[in-house]
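Please find below some notes on the model, written as numbered points.

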Amino acid sequence: MIVKKNYVRAVGFLLLIVILLAQDFDQLKSTIIKINIPLFLIGLLLIFPYILFRALRWNLIMNYYDIKMDIIESTTIYFSALFTGLASPGRLGEFIKIFYISEKGNSYSVSFVTVLLDRLWDICTLLAIGFIGLYLFREDFHLIFYSYSLSILGLIFIWKSNLFHFKNLKFNFL
């Protein structure tokens, strides 16, 4: 087990070196110099309440499925998953939360559903914001309205079909 941990750390360190060698530090320096400091500080201050809000939302979903976790632990897991999500295509790294939850003795299937519902909530939020943006800024909104409405109706159908209202269901593949 110790050899495996050391191997993973060594591979991670080698990947860090490869990534650093591939960077254009002159361009990075010029980009950092162009940063608007007040806006950067505002963004830095707002990221923590944003992550805390998302961790609270995920915690509420977990509580519905009788997974008890305090907010500090779920926020820590959320930060870890956010990091792996940003480093992976399609933010699929956020599904690492499944393994953190299952280490606490919960089933993979219920853990998967909590993470999936959290991601579906993000998609619904993006759809709602996009819908509002289309309404406000597009002249041909009525043409786009129909396809958007079908997407929203599909999400409502999934939600109302009790597809995710199970607590003791076991998936064979997990």
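The points cover a helix pair and then a set of salt bridges.

1. The model is predicted. Helix α3 (residues 37-64) and helix α4 (residues 71-87) have axes that come within 9 Å and cross at roughly 115°. The two helices are therefore roughly perpendicular to each other, and their crossing is right-handed.

2. On the α3 side, the contact residues are F48, I51, L52, R54, A55, L56, R57, W58, N59 and M62; in α4 they meet I71, S74, T75, I77, Y78, F79 and L82. By class, this contact has 12 nonpolar, 3 polar and 2 charged residues.

3. The structure holds 9 salt bridges. One of them joins the side chains of R54 and E94, at 3.8 Å from N to O. R54 lies in helix α3 and E94 in the loop between α4 and α5 (97-102), so this pair ties together parts that are 40 residues apart in sequence. R54 counts as buried because its relative accessibility is 2%, and E94 is buried at 0%.

4. R54 also forms a salt bridge with D122, with the closest N and O atoms 2.8 Å apart. D122 lies in helix α6 (residues 108-137), so the pair ties α3 to a part 68 residues away in sequence. D122 is buried too, with a relative accessible area of 13%.

5. K97 and D118 meet through their side chains in a salt bridge of 3.1 Å, N to O. The pair links distant parts of the chain, with K97 in helix α5 and D118 in helix α6, 21 residues apart. Both K97 and D118 are buried.

6. Through shared partners, salt bridges join R54, R57, E94, K97, D118, R119 and D122 into one network.

How values were computed. Residues numbered from 1 in each chain as written. Predicted model: local features only at pLDDT ≥ 70, side-chain atom pairs only at ≥ 80, totals over all residues. Heavy atoms only, no water. Axes fitted to C-alpha atoms, helices over the stretch in contact; angles between N-to-C directions. Helix = DSSP H or I, 4+ residues; strand = E, 2+ residues; numbered from the N terminus. Parallel < 35°, antiparallel > 145°, perpendicular 65-115°, else oblique. Left-handed = near helix turned anticlockwise from the far one by under 90°. Contact = heavy atoms within 4.5 Å. Nonpolar A, V, L, I, M, F, W, Y, C, P; charged D, E, K, R; others polar. Salt bridge = Lys/Arg side-chain N within 4 Å of Asp/Glu carboxyl O. Buried < 20%, exposed > 50% of the residue type's maximum accessible area, 1.4 Å probe, protein only.
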